[in-house]
Every structure is written in C-alpha cells, then in structure tokens.
Amino acid sequence: MTTPARFKPITKDRWFYDQYEYSLGFWLDEVNCLRELSHEHVDQVIQRRQEWREIAQQRWNQGQRQHSILGRRFQPITEQTVADLHELTQHLLTAVGQFKLVVTVNQAHVYTNDLALISQLQAMPALKYQTLSQAVITRARETVQLQRPRHAWRTYLRHIKITREQKQHLISFLQGQHTQVRLAPSLISWMDQPYLRTQDYFFVDHDSPAWSTMLALVQPGVIRKTLAIVTAK
C-alpha cells in the first residue's frame, strides 16, 4: 500500500517503539481512561471521575478552592464524551493489525503499521487536532545526524528531580567544561532558572565517550543515553 503524502516524515534511527512505521496523534477529552483497553474499565474510570468532580464542584461552590481539583476551565464529562471513548475503544479492540496506544490526559497517539486502522480512526469526528507521522530511517542505530558536527558524541539527560545543591554542582561542572563541550540551548536556559527538574531533551555534545562517565559521577542517574554524531549527507 502506498503511503499517503499527508504523513509528516520523522527522521529516526529506528521505527517508533522499534516496531511501528506510522503514528496518528489526536485530542479526545478523558482519553487517558483508555490506559486499560476495555469498555468496563472506561465506565469504571468515568464513574469515579464524575463522583470526584461532583465533590470538587461542591467545594468550589462553597469557596473551598484550595481543596478542589477544579479550575476555572472545568468541563463536565458529557454523555457524548463517554460515547466517543467507547467508540474509540471498540475500534482498537477489533483492530486486525498490531498497535500501541499512548495516552496523556486528553491527548493520545496510536502507533501502528496498519494504514486501514489509521483511516478508521481518522474518520471519527470526535478525534480533534489530528496529526499523522511516518518514521523514516535515515541513519544507523544509536546515532544522531548534524549538518556540521563539531563533536563526536551526544549525551541526553534523563528527566529527574535534583536538589538545589546538586544542581549547583552540575552547573559548576558544565561551566568548567564549556570549552570542550556544546550544551543544548534549553539546558543553558535551565541553568539560569530556578527549576530543579532536568528534561529528557537536554543534551551535551562532547568528543570522548569517557566524558559521560565524568558526568555520571557528578550527578548519578542523570544520563539517559549517549549517541554517536554523524555528518548528514
């Protein structure tokens, strides 16, 4: 089957989750109810959420807003939302091809090699802000491509929370290495901000694979992965 041109190519060193070529992203209220894929689970989670929100709404109305899970943009769970969740659940339960569903609050991605499944889901009016992606393998595994690389290796940080003292030690180490490494702009910005959580898109480019060992000694557990840098053709 020919891949439709509307898929956005995502250059990678492997398929999505090392298995799937295509991805459909979308917005659907309460879609994280589908962490377990069954109609019974959807109903159970929706019932619990409705009960919690009724209590929270009462507290909000009584002025107890510091004890409420609600915000000013609170939206009730409608019958249509529940029906949409069940329709999506049924599509996925009856899918012929393999897939992986990843949900975060009201957003979701379905990864699959089954273009027929993607077409079925696209036809659901309830799935808003749809995005289509196709993994395109353009480099060897465990590598990152740059047009004009200045270093040989890229180390990505892990998303962790550290103490203020640990952050200061990390900053001091990186600043002391500034002539030998290249820091991600987002990492440089984070160094001047009060936040204590590193992000998994922070990276450091360096010349020796042994450099990451020093980083691990300064802040254990902060390294997510180290990739070889190759020149883009």
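Reader: Is the crossing in which α4 passes α6 left-handed or right-handed?
Author: The model is predicted, with pLDDT of at least 70 needed for local features and 80 or more for side-chain atom pairs, while totals for chains, interfaces and linings use all residues. Residues are numbered from 1 along each chain as its sequence is written, and side-chain values use heavy atoms, without hydrogens or water. A crossing is left-handed if the near helix is turned anticlockwise from the far one by less than a right angle, and right-handed if clockwise. By that rule, the crossing of α4 past α6 is right-handed.

Reader: How are α4 and α6 oriented to each other, roughly parallel or roughly antiparallel?
Author: Helices are DSSP runs (H or I, at least four residues), numbered from the N terminus. The axes of α4 (residues 164-176) and α6 (residues 211-218) come within 10 Å and cross at roughly 155 degrees, where axes are lines fitted to C-alpha atoms over the stretch in contact and angles run from 0 to 180 degrees between N-to-C directions. That angle makes α4 and α6 (over 145 degrees counts) roughly antiparallel.

Reader: How many nonpolar residues are in the contact of α4 with α6?
Author: Contact means heavy atoms within 4.5 Å. From α4, H169, L170, F173 and L174 meet W211, M214, L215 and V218 of α6. Ala, Val, Leu, Ile, Met, Phe, Trp, Tyr, Cys and Pro count as nonpolar, Asp, Glu, Lys and Arg as charged, and the others, including Gly, as polar. The contact of α4 with α6 has no charged residues and 1 polar, and its nonpolar residues number 7.

Reader: What angle do the axes of α2 and α3 make?
Author: Helix α2 spans residues 79-93 and helix α3 residues 115-122. Their axes come within 11 Å, and the crossing angle is roughly 170 degrees.

Reader: Which residues of α3 make the contact with α2?
Author: The angle makes α2 roughly antiparallel to α3, and α2 passes α3 in a right-handed crossing. L88, H91 and L92 of α2 make the contact with α3 residues L117, Q120 and L121.

Definitions and conventions. Helix = DSSP H or I, 4+ residues; strand = E, 2+ residues; numbered from the N terminus. Parallel < 35°, antiparallel > 145°, perpendicular 65-115°, else oblique.
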